[in-house]
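Okay, everyone, thanks for coming. Let me put the model up and then we'll walk around it together.

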Amino acid sequence: MPDQVLLTGVPLRRDQVVAVARDRVPVALDTVAEKNLTEARRHVDALAEAAEPAYGVSTGFGALAVRHIPPERRVDLQRSLIRSHAAGAGAAVEPEVVRALMLLRLRTLTTGHTGVRPVLANTLAALLNAGLTPVVHEYGSLGCSGDLAPLSAVALALMGEGEVLDAEGHRLPAADALRRAGIEPVILAEKEGLALTNGTDGMLGMLVLAAADLQRLLDVADLTAAMSVEALLGTDRVFAEDLQALRPHPGQAVSARRMREALVGSEIVASHRGPDCPRVQDAYSLRCAPQVHGAARDTLAHAETVADRELASAVDNPVVLADGRVESNGNFHGAPLAYVLDFLAIGVADVASIAERRTDRMLDVARSHGLPAFLAADPGVDSGHMIAQYTQAAIVSELKRLAVPASVDSIPSSAMQEDHVSMGWSAARKLRRGLDGLTTVLAVELLTAARALDLRAPLRPAPVTAAARDLLRAHVDGPGPDRHLAPEIAAAEALITSGALPPLLQ
């Protein structure tokens, strides 16, 4: 983890965003960033003094851009913009999302294409470093003209208005929090209100965080799938490198390799590898796991490419160009992000769906090849993991609903000035819920497959799958009479979220 993220006006890396958002790594502006800010501001100041109206500098906004605003009313204009646009509603979104949003807006400011004063950027950095997180509400962004309401909530805090969470998570008025932290509220000058709100930063921040989470969950899915294959007396031959090479999708190759390596040295797999094994083919949920997981990996790789492009972007409207021109544009439209956020939700739902099918097979005596019904200690008296699979099924059904794309919707706004919007913020919000659901589904598969491996004794599982089971056993007991299962599911979720799984695989 870096000690500091230095903003230089060049693109950030995804891991830097995660470090600031989740681990509260401090940020700083270097001299290049300060120079970019100062030079761009000179151009804005020149336009502010000119007789000719310039959008965002000396005019109203959106459908009200036809009105020229005299100099003595422009501070009021900026303040009114932020207050009126901070119109969010619903529950407060997660602090890590807000911190990512703040960092990404700060990064764009330091490119020198927004025209804000250095004091504004430095104050935003000071909020991040003080651990002050503006309260941003769930609803208020259409993913076009920027994440307007969410970003306005941050701008409001910079002005010393609204509410924030302090470093300990206490909610308090922004004015009090800034005073305690020794941060002077900002009085916004020309162009600065737009520069703080016209960005895709909320969508992008959630995409970057989701990509990190999904990468970890796909690694876990390969492991739990291998455990299920082993527990169900499946074959590892279908994961052979030469078979996978016949269909050269990169993600498929990665997942097949991981599953193949996870099963190396398994006494359980070896026990039915001989010519007397009557089964010719495993079910699709076992045999095709690399194809499904791999497709999700390839979708994630595309989404990461889009995220990296956006991390290299300067999104604002209007923008300040190197020759001093201030030009309107449409770069704030969230379609590139909205699409991949929706694509990822599809992959999340499908990976969860195939995991649930594997779990169900381990619980069904007609398909589990000798395992007890529902893996119960005394079937009939005990129900084993019967209802844990119900929980999986309920979540998978919900994930299918969350996979319905948000980006195909559009609700015109701003008196039809903004007549086609991306809904990218909504796509990001449902993806976060989807990742939570996938975590739980994999947690149930982990619990079930680990119990099934124990029930295959005295045959021993592979070193990798045994290590995963043993990590789980530090938190959850092995097979036995029925116990309260909800805490065990929560313990498995925590193990997955911690990053401790999968062991022994790269």
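Ground rules, quickly. This is a predicted model, so to speak of a local feature I need pLDDT of at least 70, and side-chain atom pairs count only at pLDDT 80 or more, while totals for chains, interfaces and linings use all residues. Residues are numbered from 1 along each chain as its sequence is written, and side-chain values use heavy atoms, with hydrogens and water left out.

Let's start with Ser228. It sits in helix H9, residues 201–231; helices here are DSSP runs of H or I of at least four residues, strands are E runs of at least two, and both are numbered from the N terminus. Is Ser228 buried or exposed? Buried, with a relative accessible area of 0%. The scale, with a 1.4 Å probe and protein chains only, is buried under 20%, exposed over 50%, and partly exposed in between.

And what does the Ser228 side chain meet? There's a polar contact of 2.7 Å to the side chain of Glu445. By polar contact I mean N or O atoms within 3.5 Å; within protein, one must be able to donate a hydrogen and the other to accept it, and residues adjacent in sequence count only if both atoms are side-chain atoms. If you skip neighbours within four places in sequence, Ser228 also touches Leu286, Arg358, Met362 and Ala449, alongside Glu445, where contact means heavy atoms within 4.5 Å.

A cavity, on a 1 Å grid over the protein atoms alone, is a set of points where a 1.4 Å probe fits but cannot get out, and lining residues have an atom within 4 Å of a point. Points are joined across faces, edges and corners, and the volume is the space filled by probe spheres set on them.

I'll show you the second largest cavity, at about 60 Å³. Its lining includes Leu104, Arg107, Thr108, Asp201 and Glu310. The elements giving two or more residues to that lining are H4 (95–109), H9 and H14 (289–311), and H4 gives the most, with three. By type, the lining divides into four nonpolar, three polar and three charged residues. Nonpolar is Ala, Val, Leu, Ile, Met, Phe, Trp, Tyr, Cys and Pro; charged is Asp, Glu, Lys and Arg; the others, Gly among them, are polar.

On to the backbone. Most residues other than glycine have a negative phi, and most peptide bonds are trans. Here, though, the bond from Asn317 to Pro318 is cis, omega near -5°, and Pro318 is in the loop between H14 and strand S8 (319–320). Ala457 to Pro458 is cis too, with omega about 15°; that proline is in the loop between H17 (424–455) and H18 (463–473).

For positive phi, look at Lys191, near 80°, in the loop between H7 (174–181) and H8 (192–197). Lys191 counts as buried, at 0%. Leu233 has phi near 55°, and it is buried as well, at 16%.

Last stop: Ala177, in helix H7 and buried at 4%. Beyond its neighbours within four places in sequence, Ala177 contacts Leu132, Val164 and Leu172.

Conventions
On a 1 Å grid over the protein atoms alone, a cavity is a set of points where a 1.4 Å probe fits but cannot get out, and a pocket is an open set with protein on both sides within 12 Å along at least five of seven lines; lining residues have an atom within 4 Å of a point.
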